[in-house]
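Here is a briefing on the structure shown below.

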Amino acid sequence: MILKIKSEEDKFLEEVYEKAMKELDEFFELNWKRNRPNIYLIRDRKTINTIRKEETADWNVGWIGGIDVYILDKDNYEKESCHKYSDEEYANTIKHELAHSFTKVFSGVSGKPKWLWEGLAIYLSGQLKQRKRLEKLTNFLYFYEARAVEGVYEESGFAVEFLVETHGKKKLLALLKILKEKDTNEEFAGKFKEIYGFDLTYENFRVL
Ligand SMILES: [Zn+2]
């Protein structure tokens, strides 16, 4: 398919981008200065579907390709998705996708374990504030493989919040460093125990 793109100057988005990159860089300690991600603003659902080569759901507004971020243009945000637009939520969505870029570059693994992949992006982007705080965690471990599953967003951010806030980010980064793309769920659980010293089970997590 053919896409016509042009560069754009947008002071708001440039500030959002620089702030997100700075904060994510502090977390991952990557010192990412060269070959940083591009942000592609996609004007409508039809173009999203053309790029993705599938019919996408109306909640789906952003993704990464390589290390670059693709996001539905804010000018068409409410018309072409089910979300209400606000500057804060839009900025959080960009930071969410950039968190995926950082995770991918840092770990060399993309999209799995799905709960860790999404949970980290939700936690780091500030999107937990938009979510109803749960009583307990009961299903996030079900989401391991990389394919997009809507339910993964419910609990995973709280699971990652628990890991980072009670056990520190160093352990989480250490875990990300030893991930391999071909790891099975069982192999991952073994690596998790090696880093954290406890089993990857719901009883060992709680919502803060
Ligand atoms: Zn995501």
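**Fold and domains at a glance**

The model is predicted. Its chain splits into domain 1 (9-107) and domain 2 (108-208).

**Overall shape**

- Along the principal axes, the C-alpha atoms fill a box of roughly 50 × 35 × 30 Å.
- Buried residues make up 29% of the 208 in the chain. A residue counts as buried if 20 or more other C-beta atoms lie within 10 Å of its own.
- Take the contacts between residues at least 6 apart in sequence: 69% of them join residues at least 24 apart.

**Where the domains meet**

- The centres of domain 1 and domain 2, taken over C-alpha atoms, are 21 Å apart.
- Contact between them involves 12 residues of domain 1 and 16 residues of domain 2.
- On the domain 1 side, α1 (11-28) and α4 (87-107) each supply at least two of the touching residues.
- Helix α4 gives the most to that side, with 10 residues.
- By class, the side of domain 1 that touches domain 2 has 4 nonpolar, 5 polar and 3 charged residues.

**Helix α5**

- Helix α5 covers residues 114-125, which is 12 residues.
- From its first C-alpha to its last, α5 reaches 16 Å, close to the 16 Å expected at 1.5 Å a residue.
- The buried residues of α5 include two tryptophans, Trp115 and Trp117.
- Also buried in α5 are Leu116, Glu118, Gly119, Leu120, Ala121, Ile122, Tyr123, Leu124 and Ser125.
- Which helices do the buried residues of α5 pack against? They pack against α1, α4 and α6 (152-167).
- Two of these partners, α1 and α4, also supply residues to the side of domain 1 that touches domain 2.
- Just after α5 comes Gly126, with a positive phi of about 85 degrees.

Conventions
Residues numbered from 1 in each chain as written. Predicted model: local features only at pLDDT ≥ 70, side-chain atom pairs only at ≥ 80, totals over all residues. Domains from an automatic or database assignment. Contact = placed C-beta atoms within 7 Å. Helix = DSSP H or I, 4+ residues; strand = E, 2+ residues; numbered from the N terminus. Nonpolar A, V, L, I, M, F, W, Y, C, P; charged D, E, K, R; others polar. Buried ≥ 20, exposed ≤ 12 C-beta atoms within 10 Å, placed from the backbone. Expected span 1.5 Å × (residues − 1).
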